[in-house]
Amino acid sequence: AFFPGVMVSAFDLPGQSFGEAAIVTNSPRRATVIAEVDTALWWIDRSTVQYLVKQSHSNTRQKREEFLGSVNILSTLTQEERGLIADTMYTRVYKRGDQIITKGDQGDEFFILEEGRAYA
């Protein structure tokens, strides 16, 4: 099959997706995708994706705010302050045996256990 340029990716497994970066970042497409064989795709338009992303963010923020309300060290914060933290916090996953912080290192991150167990 003719391809106009260098092939940078192949999509050959059900569930693989493409085109989301342009929708999420509102930027031009970064690649041309051509059907190599008869191909069936599901598509979602920009407004639906943006709505779903906003709704997901809102649900995640609400769950994080509720969780932060149960953290003793943050109990004196206002709802607005917990909301600000909820907007800027991320989940980081560690596997069993991974070192999270190291004694003597500069402390520039604050951790709150979401699930699992860790020891010092």
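Rings of Phe, Tyr and Trp (its six-membered ring) count as a pair if their centres lie within 6.5 Å. The exercises below use a predicted model.

**Exercise 1. Aromatic pairs**

Count the aromatic pairs and classify the geometry of F11 and F18.

Solution. 
- Step 1. The ring rule gives 1 aromatic pair.
- Step 2. The ring centres of F11 and F18 are 4.8 Å apart. The cut-off is 6.5 Å.
- Step 3. Planes under 30 degrees apart are stacked, and those over 60 are edge-to-face. The planes here stand at 45 degrees, so the pair is tilted.
- Step 4. Now the surroundings. F11 has 37% relative accessibility and counts as partly exposed. F18, with a relative accessible area of 36%, is partly exposed.

**Exercise 2. Packing of α2 and α3**

Describe how helix α2 and helix α3 are arranged.

Solution. 
- Step 1. Two packed helices are described by the angle between their axes and the distance between the axes.
- Step 2. Helix α3 spans residues 79-88, and its axis comes within 9 Å of the α2 axis. The axes cross at roughly 120 degrees.
- Step 3. Angles of 65 to 115 degrees count as roughly perpendicular, and those over 145 as roughly antiparallel. The two helices are therefore oblique to each other.
- Step 4. The crossing of α2 and α3 is right-handed.
- Step 5. List the residues that meet. From α2 come H57, R61, R64, E65, L68 and G69. From α3 come Q79, R82, G83, L84, I85, A86 and D87.

**Exercise 3. E65**

Is E65 buried or exposed, and what does E65 contact?

Solution. 
- Step 1. E65 sits in helix α2, residues 46-69.
- Step 2. Its relative accessible area is 11%, so E65 is buried. The cut-off is under 20%.
- Step 3. The E65 side chain makes a polar contact with the side chain of R61, at 2.6 Å.
- Step 4. Set aside neighbours within four places in sequence. E65 then contacts Q79, R82, G83 and A86.

**Exercise 4. R117**

Solution. 
- Step 1. R117 is exposed, at 83% relative accessible area.

Methods. Residues numbered from 1 in each chain as written. Predicted model: local features only at pLDDT ≥ 70, side-chain atom pairs only at ≥ 80, totals over all residues. Heavy atoms only, no water. Helix = DSSP H or I, 4+ residues; strand = E, 2+ residues; numbered from the N terminus. Buried < 20%, exposed > 50% of the residue type's maximum accessible area, 1.4 Å probe, protein only. Polar contact = N/O pair within 3.5 Å; in protein donor to acceptor, adjacent residues only side chain to side chain. Contact = heavy atoms within 4.5 Å. Axes fitted to C-alpha atoms, helices over the stretch in contact; angles between N-to-C directions. Parallel < 35°, antiparallel > 145°, perpendicular 65-115°, else oblique. Left-handed = near helix turned anticlockwise from the far one by under 90°.
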